[in-house]
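Here is a short report for someone meeting this structure for the first time. Please look over the sequence and the 3D view before reading on.

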Amino acid sequence: MLAALSAIVGSRWVKSRPAALAPYDSDGLPGYHATPSLAVFPGTRDELIAVVRELARTGTPFVPRGAGTGLSGGALAKGVVLIGLNRLTRIIEVDPVNRIARVEPGVVNARLSRETVKYGLHYAPDPSSQSVCTIGGNVAENAGGPHCLKYGVTLNHVVECEVVLPDGSLVQLGGASQESEGYDLLGAFVGSEGCFGIATQITVRLVPLPESVHTMLADFSSVTDAARAVSRIIASGIVPAALEMMDNATIRAVEASIYAAGYPVDAAAILLCEVDGPVQGLDEDVAIIREACLLHGAREVRVATEAADRMRLWQGRKKAFGAMGRIAPSLVVQDAVVPRTRLPQVLEHIDQISARHGVRVCNVFHAGDGNLHPNIPYDASDREQDARVHAAMKEIMQACIDAGGTITGEHGVGLDKIGYMESLFDAPTLDAMCRLRSVFDPDKRANPGKVVPMHSCREWAGVVR
Ligand SMILES: Cc1cc2nc3c(=O)[nH]c(=O)nc-3n(C[C@H](O)[C@H](O)[C@H](O)COP(=O)(O)OP(=O)(O)OC[C@H]3O[C@@H](n4cnc5c(N)ncnc54)[C@H](O)[C@@H]3O)c2cc1C
């Protein structure tokens, strides 16, 4: 395999020594480790297709990998071939008239917006990892981000995808006309977590830059009040561009780091709320949001209109996970969704669970979408602590499911949430997922062992339970 792949991409771009494979041993979630058998880094689309065809010829399983910032262990390749896409970084075409761009999968999310700003356009989905993560990884995870509340998630911005299927054939999903006939196979592919094939070229929508932007910081002395204010803001009829919440533990972690943003460290919670659009009417939106926050006990509502002030506020939010990395050697990152109106109760429940297990939960999340990220910084080398953290996490996830929510809003199932799939879906539903996957990858060689528990598939279980 080493020789065959080297013949396609050059020996420099095939790694097999343990030291060279070590960087690919985990993704953004520190708790999982797995070493690939080989890592191959194609430099062109044709090389990528040739690599996949060689793997198909030999029946070899593989895992695609973008920047490796995923938070569900999805890009781990245990004993199989890892295909690194980070050399495929061309922005092939920007069409400002039709407001689309065609890119290779390894293009970094934030770079696309930087390079289209000259046309007055940007790529709206903005995961907090956007300075590193790739468009291919975003497509595979159907990534979200703070501004997806108003603009929609990745799925709403992908127009067309060229995909190399695990058998080496090429398919075009979606289309530039932006209206597809027949079944929405592009919709099925977006969010397929590397299990349906590899996106080789992606056409995305670009969105005009807003005329004006105001970012507000509201600080509260109670998490429950902040959560209630979220529902009040949405009920007012305004769709903020972003509506994010951070609790006191997160605020302190951020303020103690180089990402300090001037957040009030004595606040129980803060809301970051952004409105954008035509200048006319924006002040009115700000006034309505301010009133909603004050009505629910906000101590202060600050408004940043200058770009530098706004960026500082956002930097603290977007680098919050990194700031947590400073306070403990390990971090559990969770990603669940609850109906927005259940936020106050679920946050109180999470508080009780963390107190009962003696763990410190840091909540930082997309409040407007009800997409929670309860994170726990801790020391995994302490077995007793490790057990407590995992017991608390399990209860937190169950609390979200019981509240009518789900187990992932944007980070995907990968390895980390696979154990929760059977709490959420019944056997026939899991079986239907397996059969959908078989349409794209009948041999289950693409990203094996992820998303759907193997024993849930009819052909693995023998019977539908
Ligand atoms: C600090 C931090 C903040 C984050 N904030 C957010 C956030 O706000 N919103 C959010 O949604 N996520 C967030 N994430 C998670 C992560 O950045 C996203 O899931 C991102 O989309 C992953 O992109 P990647 O290039 O790193 O993909 P990887 O981690 O390399 O891969 C992720 C999955 O995609 C598959 N894959 C990669 N490329 C392709 C391809 N071309 N074709 C098919 N499959 C492919 C892989 O097999 C894997 O299953 C955050 C992560 C970190 C570390």
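**Domains**

This is a predicted model. The domain assignment of the protein gives the five domains tabulated here.

| Domain | Residues |
|---|---|
| Domain 1 | 2-84 |
| Domain 2 | 91-208 |
| Domain 3 | 212-322 |
| Domain 4 | 328-402 |
| Domain 5 | 425-461 |

Take domain 1 and domain 4. Their C-alpha centres lie 32 Å apart. They do touch: four residues of domain 1 are in contact with six residues of domain 4. On the domain 1 side of this contact, three residues are nonpolar, one is polar and none is charged.

**The ligand shell**

The ligand is surrounded by 37 residues. Gly66, Gly70, Gly136, Gly137 and Gly194 are the closest. By type, the shell holds 14 nonpolar, 18 polar and five charged residues.

Several elements supply at least two shell residues each: strand 3 (62-65), helix 5 (135-141), strand 10 (198-205) and helix 12 (320-324). Helix 5 gives the largest share, with five residues. Where does the ligand sit relative to domain 1 and domain 2? Both domains give residues to the shell, so the ligand lies between them.

**Helix 3**

Helix 3 runs over residues 45-57 and has 13 residues. From its first C-alpha to its last it reaches 18 Å, close to the 18 Å expected at 1.5 Å a residue.

Which residues of helix 3 are buried? They are Leu48, Val51, Val52 and Leu55. Seen down the helix axis, these buried residues fall within an arc of 95°, so they line one face of helix 3. An α-helix has 3.6 residues a turn, so residues three or four places apart point the same way.

The buried residues of helix 3 pack against helix 1 (2-9) and several strands. The strands are strand 2 (38-40), strand 3, strand 4 (81-84), strand 8 (158-164) and strand 10. Strand 3 and strand 10 also supply residues to the ligand shell. On the other side of helix 3, Asp46 and Arg57 are exposed.

Alanine 50 also lies in helix 3. Alanine 50 has 19 other C-beta atoms within 10 Å, so it counts as partly exposed; a buried residue needs 20 or more. Alanine 50 and valine 9 are 41 residues apart in sequence, yet 9.1 Å apart in space, C-alpha to C-alpha.

After helix 3 comes glycine 59, whose phi is positive, near 65°.

Terms used. Residues numbered from 1 in each chain as written. Predicted model: local features only at pLDDT ≥ 70, side-chain atom pairs only at ≥ 80, totals over all residues. Near = placed C-beta within 6 Å. Helix = DSSP H or I, 4+ residues; strand = E, 2+ residues; numbered from the N terminus. Nonpolar A, V, L, I, M, F, W, Y, C, P; charged D, E, K, R; others polar. Domains from an automatic or database assignment. Expected span 1.5 Å × (residues − 1). Buried ≥ 20, exposed ≤ 12 C-beta atoms within 10 Å, placed from the backbone. Arc of directions from axis to C-beta. Contact = placed C-beta atoms within 7 Å.
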